[in-house]
Amino acid sequence: MAKAASYAQDAESPGLGYQLFVLVLSISALVLAAAMALVDARSAIGQLLEYADLAVCLVFLLDFFVSLVYAPNKMQYLITWGWLDAISAIPAIDFARWG
């Protein structure tokens, strides 16, 4: 009989609920980006979408720092996934935006 793989949750790592929250937020960010492409940025809805985008990117920036703090090997995290997490927060830094 095959034994199911079990993954032990490190007591010091973010929980599954946090990881699911970031997943849902990532999907929401994609929907938000599509909506921003369709709406005039000068309209009231466009401004609201800009604020929502800023909030999402700030959460991604917070997620980057949380993941960095909990990473057992911080350099390995930065080389493998950390740089992607950092890039996801770039729109929150206004001078780093393109266009």
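These legends describe close-up views of a predicted model.

**View 1. Helix α1 from end to end.** Helix α1 covers residues 16–38, which makes 23 residues. At 1.5 Å a residue, a helix of 23 residues should span 33 Å.

**View 2. The buried residues of helix α1.** Val22, Leu25 and Leu32 are the buried residues of α1. The buried residues of this helix pack against α2, which runs over residues 44–70. An α-helix has 3.6 residues a turn, so residues three or four places apart point the same way.

**View 3. A nonpolar patch on the surface.** Leu16, Leu20, Leu23, Ile27 and Val31 form this patch. Together they have about 490 Å² of accessible area. One of them, leucine 20, is placed in helix α1. Leucine 20 has a relative accessible area of 45% and therefore counts as partly exposed, since that class lies between 20% and 50%.

**View 4. The salt bridge between aspartate 40 and arginine 42.** Side chains of opposite charge can pair when their charged atoms come close. Here aspartate 40 forms a salt bridge with arginine 42, and their closest N and O atoms are 3.7 Å apart. A search of the whole structure finds 1 salt bridge. Aspartate 40 is partly exposed, at 42% relative accessibility. Arginine 42 has a relative accessible area of 73%, so it counts as exposed, the cut-off being over 50%.

Conventions
Residues numbered from 1 in each chain as written. Predicted model: local features only at pLDDT ≥ 70, side-chain atom pairs only at ≥ 80, totals over all residues. Heavy atoms only, no water. Helix = DSSP H or I, 4+ residues; strand = E, 2+ residues; numbered from the N terminus. Expected span 1.5 Å × (residues − 1). Buried < 20%, exposed > 50% of the residue type's maximum accessible area, 1.4 Å probe, protein only. Contact = heavy atoms within 4.5 Å. Salt bridge = Lys/Arg side-chain N within 4 Å of Asp/Glu carboxyl O. Patch = residues over 30% accessible without salt bridge, like charges linked within 9 Å, V, L, I, M, F, W, Y side chains within 5 Å. Areas by Shrake-Rupley, 256 points an atom, 1.4 Å probe, with all protein chains shown as cover.
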